[in-house]
Amino acid sequence: MDVEKGLITFESLKRNCVVLGLNDMGDDELVWMLMEGDLDGDGALSQIEFCILMFRLSPGLMDGPKQLWKENFDHPPHHVNDHQVHVGGFQ
């Protein structure tokens with residue numbers, strides 16, 4: 001991120017390519033990324049625009065969290081002998 005602007009610019013993206021794993025991308029591909037993710041037309045990416053772009057370009061990114069949700073929360077509530085269970089003084 002460009003510290004002064006608080007945005008991801010072409011220059012900041014280019015400067016951090018290796019850290020981001022984008023070292024194989026050329027300048028034209030980096031410009032395409034910025035254009036693709038730039039929702040407000042300011043020529044740079046905010047943190048929100050960057051996150052949206054990453055989700056769009058990496059649809060499998062949420063597979064792990066989805067599986068964890070299904071394993072831990074996506075099931076009917078448990079009842080103990082069909083009585084209400086009181087936890088910590090709450091019903």
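This dialogue explains how to read several features of a predicted model.

Visitor: On what basis are residues numbered, and what confidence is required of them?

Guide: Residues are numbered from 1 along each chain as its sequence is written, and side-chain values use heavy atoms, with hydrogens and water left out. Because the model is predicted, local features need pLDDT of at least 70 and side-chain atom pairs count only at pLDDT 80 or more, while totals for chains, interfaces and linings use all residues.

Visitor: What is the mean pLDDT of the chain, and which element has the lowest mean?

Guide: pLDDT is the predictor's confidence in each residue, from 0 to 100. Here the chain has a mean of 81, and 77% of its residues reach 70 or more.

Visitor: How many helices and strands does the chain have?

Guide: Helices (H or I, at least four residues) and strands (E, at least two) are DSSP runs, numbered from the N terminus. This chain has five helices and zero strands.

Visitor: Which residues of α3 are buried, and where do they lie around the axis?

Guide: A residue is buried under 20% relative accessible area, exposed over 50%, and partly exposed in between (1.4 Å probe, protein chains only). In helix α3 (residues 27-37), the buried residues are Leu30, Met33, Leu34 and Gly37. They lie on the same side of α3, because they cover an arc of only 95 degrees around the axis; the arc is that of the directions from the helix axis to the C-beta atoms. Asp28 and Met35, on the other side of α3, are exposed.

Visitor: What covers the buried residues of α3?

Guide: The cover is read from contacts, that is, heavy atoms within 4.5 Å. It includes α1, α2 (17-20) and α4 (47-57).

Visitor: Is Thr9 buried or exposed, and with which residues is Thr9 in contact?

Guide: Thr9, placed in the segment before α1 (10-15), counts as buried at 4% relative accessibility. Leaving aside neighbours within four places in sequence, Thr9 is in contact with Asp2, Leu34 and Ala44. Leu34 is also one of the buried residues of α3.

Visitor: With which residue does Glu36 form a salt bridge?

Guide: Its partner is Arg56, with the closest N and O atoms 2.4 Å apart. Since Glu36 belongs to helix α3 and Arg56 to helix α4, the pair ties together parts that are 20 residues apart in sequence. Glu36 is partly exposed at 29% relative accessibility, as is Arg56 at 44%.

Visitor: Which residues form the nonpolar patch on the surface?

Guide: Patches are made of residues with over 30% relative accessible area and no salt bridge: like charges are joined within 9 Å, nonpolar side chains (Val, Leu, Ile, Met, Phe, Trp, Tyr) within 5 Å. Here Leu39, Ile48 and Ile52 form the nonpolar patch, with about 300 Å² of accessible area together. Leu39, in the loop between α3 and α4, is exposed at 56% relative accessible area. Accessible areas come from the Shrake-Rupley method with a 1.4 Å probe; for residues, only the protein chains shown count as cover.

Technical notes
A salt bridge is a side-chain nitrogen of Lys or Arg within 4 Å of a carboxyl oxygen of Asp or Glu.
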